[in-house]
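Please read it alongside the sequence and the coordinates.

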Amino acid sequence: MLLKPWTRTAVLSRFSRQEAALLAVTVLWGGTFVVMHAAMAHSGPLFFVGLRFVVAGLATMLVFRRLMAGVTQAELLAGAAIGASICVAYALLGQGLQSIEASRAAFLTALYVPAVPLLQWLLTRRAPHPMVWAGIGLAFVGLLLVSNPGGASLWRLGVGEAATILGAFVIALEILLIGKYAGQVNVQRVTAIQLLVAGVCALAAMPLAGESVPAFSWVWAASGVGLGLVSALIHLTMNWAQQSVSPTRATLIYATDPVWAGIIGRIAGDRLPATALLGAVFIVAGILASELRPRRLGPAAATH
């Protein structure tokens, strides 16, 4: 049996330029959990999400101001649908980060990966691959461990965990929507619209949720503006890359996000107990398993 040596060139050749960009996005995305966790001590979730995405939307519109004049009805519809899902997802994540650590939130949010094929099943009536069910099982075990770090009971799901898990399912919907519209619309215009819609929706929902404007703090101000600019970059990259990267392939790349968030959270001071760390391993294993499609080795394949 001869094995070809692994080289850096060979490894990099397995990723397209779009896939490499999505991988870079996950590093940025992982870092946003820590920043948002700090901001939630000084602001309500809807106000912060509103500030963050209004900044992101306006920044994107400013960069692509010459293109915005050509916006179509289809692009408005796509931007509104994706923007609404972003608003709900990040508001739930912000709610969760008010009571749980950034690292724990990142691993629970990663449950959106096995949620994507489940939502596809509901929408298309196509049953998930058996490996998806295996991944869901592993992820569920991980969920039990991450949400119950003290081991006091088999299931202890607090408000923060519940909000974060629900937000993960909304993120799965966002990914499906991006995949649905990618290639049919102008990426720059739709990105600007969806970000601005997300921010405006969050601010408009504040009175309904009984949330007031917080007292001024440089923490939420700097975090909101900074994450707004980062969000613009992240979503522009996602919309551009997913024109040629399938939703399934994209979610596999996004699976590295909680790993980066866990590393950055650890540096920032998060200290998850061993039970939660074991749960995180199960969740990542479930994510990877849900994307694997093993093939039987034939006579020819077995000799390589």
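Among the contacts in the protein between residues at least 6 apart in sequence, 90% join residues at least 24 apart, where a contact means heavy atoms within 4.5 Å. The structure is a predicted model, in which local features need pLDDT of at least 70 and side-chain atom pairs count only at pLDDT 80 or more, while totals for chains, interfaces and linings use all residues. Residues are numbered from 1 along each chain as its sequence is written, and side-chain values use heavy atoms, with hydrogens and water left out.

**Overall architecture**

The protein holds 13 helices and 0 strands, with helices (H or I, at least four residues) and strands (E, at least two) taken as DSSP runs numbered from the N terminus. Read from the N terminus on, the order of elements is α-α-α-α-α-α-α-α-α-α-α-α-α. Of the 304 residues of the protein, 49% count as buried; here buried means under 20% relative accessible area, exposed means over 50%, and partly exposed lies in between, with a 1.4 Å probe and protein chains only. The protein exposes about 14,800 Å², of which carbon and sulfur atoms supply 69%; these accessible areas come from the Shrake-Rupley method with a 1.4 Å probe, and for residues only the protein chains shown count as cover.

**The nonpolar core**

In the largest nonpolar core, which has 74 residues, the members that touch the most other members are L22, W29, F33, Y90, L111, Y112 and Y254. Such a core is a set of buried Ala, Val, Leu, Ile, Met, Phe, Trp, Tyr and Cys residues joined through side-chain atoms within 4.5 Å. Helix α8 (residues 159-181) gives the most to this core, with 11 residues. For F33, leaving aside neighbours within four places in sequence, the contacts are L93, L97, A102, A105, A106, T109, D257 and A261.

**Selected helix positions**

Q18 is found in helix α2 (residues 17-39) and counts as buried at 17% relative accessibility; not counting residues up to four places away in sequence, Q18 touches W240, A241, S244 and V245. Q194 has its place in helix α9 (residues 187-209) and is buried, with a relative accessible area of 0%. With the same exclusion of residues up to four places away in sequence, Q194 touches G79, I82, G83, I86, H235 and N239.

A24, in helix α2, is partly exposed with a relative accessible area of 44%, and the C-alpha atoms of A24 and T237, 213 residues apart along the chain, are separated by 9.5 Å. A285, in helix α13 (residues 274-291), is partly exposed with a relative accessible area of 32%; A285 and L138 are 147 residues apart in sequence and 6.8 Å apart in space, C-alpha to C-alpha.

**Aromatic rings and a charge**

Rings of Phe, Tyr and Trp (its six-membered ring) pair if their centres lie within 6.5 Å, with planes under 30 degrees apart counted as stacked, over 60 as edge-to-face and the rest as tilted. By this rule the count comes to 5 aromatic pairs.

| Pair | Centre to centre | Angle between planes | Class |
|---|---|---|---|
| F216 and W218 | 5.1 Å | 80° | edge-to-face |
| F216 and W220 | 5.5 Å | 70° | edge-to-face |

F47, F216, W218 and W220 form one aromatic cluster.

The charged end of K180 sits over the ring of Y181, 5.7 Å from its centre; the rule asks for NZ of Lys or CZ of Arg within 6 Å of the ring centre and within 35 degrees of the ring normal.

**Cysteines**

A disulfide is a pair of cysteine sulfur atoms within 2.5 Å, and by this rule the count comes to 0 disulfides. C87 is in no disulfide, and the nearest cysteine sulfur, that of C201, is 5.1 Å away. C87 is buried with a relative accessible area of 8%, whereas C201 is partly exposed with a relative accessible area of 33%.
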